[in-house]
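These are my notebook entries on one protein chain.

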Amino acid sequence: MSAWSVRDVARILRVSPARLRYWERTALIEPARRDAGEPSFGFRELVCIRTVLALLERGVPLRRIRRSLQAVRSHIPDLDQPLARLDVWIDGTDRVVVRHRGALLEPNGQLLLDFHLAPSVPEDVACLAEARRARGTDPEAALDWFERGCRLDAQADTQTEALEAYRRALEADPEFSDAHCNLGTLHYQRGDRAAARACYERALTYERQHVEANLNLAGLLEEDGHDEQALGHYKTALRADPLRPDVHLAAALLYEKLRLRRRAREHWRRYLQLDPAGAWAEIARKRLRD
């Protein structure tokens, strides 16, 4: 089983080590084990920590998260990973609910109507901008052009404008990995595979663990028959963010192609943990039954 130290988890989820240690000391989160007295976290624990961060980001006070977790443990004692099942009611309040066997429940066990939410931990744009200021670039202009590109690149009739927006972002900040990556995706969609690959490689020059760039470059390499190289980039993406279901899905499919069935099953299981209702969920269950 993979294990991560407090410092590893802090890097992956962008939270301070001191905060993680406090949560662990006060039993909000539990380590998988201890190595020489230091807490060590596995994949399941990372899912739980990400849930706490997502709930906090949505405005739920830490005290309410604790009370909800205690109520779930009391009223639904058979629930596996109760912390990872907590979510926020869709009406925009800080009312906490829990997912259990395809249904939504109050922490006290009362049934609610179902809905779908996918909370996530947003990018820390302020820290990113501060780092770029230190390099003497223009982070505000780069971010403005990048946001414009993101608004334009979804529609075929505005993709040319999106390309220009990403290029302007890179003029303002040549080391803006996200802009290189998005520019590469646009080139790929327009059939220019060589330009796409060059953009992904430039993104990784500046940010080696960039998840999207690793994932997209791996896909290109796999299409070209370079499976071992592709696998290396999938592994890098997973080290950077082990909670991305699409990376586990891609890794599972490639391991199957390489006839590494045991490794494939590991990633099918993790994909299901992260996205049990996803488009590939039934296929993942079938692979695990076979």
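The entries below follow the order in which I looked things up.

Entry 1. I noted at the outset that I am working with a predicted model.

Entry 2. I looked up F176 and found it in the loop between α7 (159-172) and α8 (177-189). Is F176 buried or exposed? I recorded a relative accessibility of 1%, and F176 therefore counts as buried, the cut-off being under 20%. I also looked up F146, which lies 30 residues from F176 along the chain. The C-alpha atoms of F176 and F146 are separated by 9.3 Å.

Entry 3. I turned next to the nonpolar cores. The largest one has 32 residues, and those with the most contacts inside it are Y200, A230, Y234, V247 and W268. Two or more residues of this core come from each of α9 (193-206), α10 (211-223), α11 (227-240), α12 (245-257), α13 (261-274) and α14 (281-289). I also found a second, separate core of 30 residues, with L20, V47, C48 and L79 among them.

Entry 4. Which residues does Y234 contact, leaving aside its neighbours within four places in sequence? I listed L215, A218, G219, E222, V247, A250, A251 and L254.

Entry 5. I examined α13 last. This helix has 14 residues and reaches 20 Å from its first C-alpha to its last, close to the 20 Å expected at 1.5 Å a residue. I recorded its buried residues as A264, H267, W268, R270, Y271, L272 and L274. Against which helices do the buried residues of α13 pack? I found α3 (43-57), α11, α12 and α14.

Terms used
Residues numbered from 1 in each chain as written. Predicted model: local features only at pLDDT ≥ 70, side-chain atom pairs only at ≥ 80, totals over all residues. Heavy atoms only, no water. Helix = DSSP H or I, 4+ residues; strand = E, 2+ residues; numbered from the N terminus. Buried < 20%, exposed > 50% of the residue type's maximum accessible area, 1.4 Å probe, protein only. Core = buried A, V, L, I, M, F, W, Y, C linked by side-chain atoms within 4.5 Å. Contact = heavy atoms within 4.5 Å. Expected span 1.5 Å × (residues − 1).
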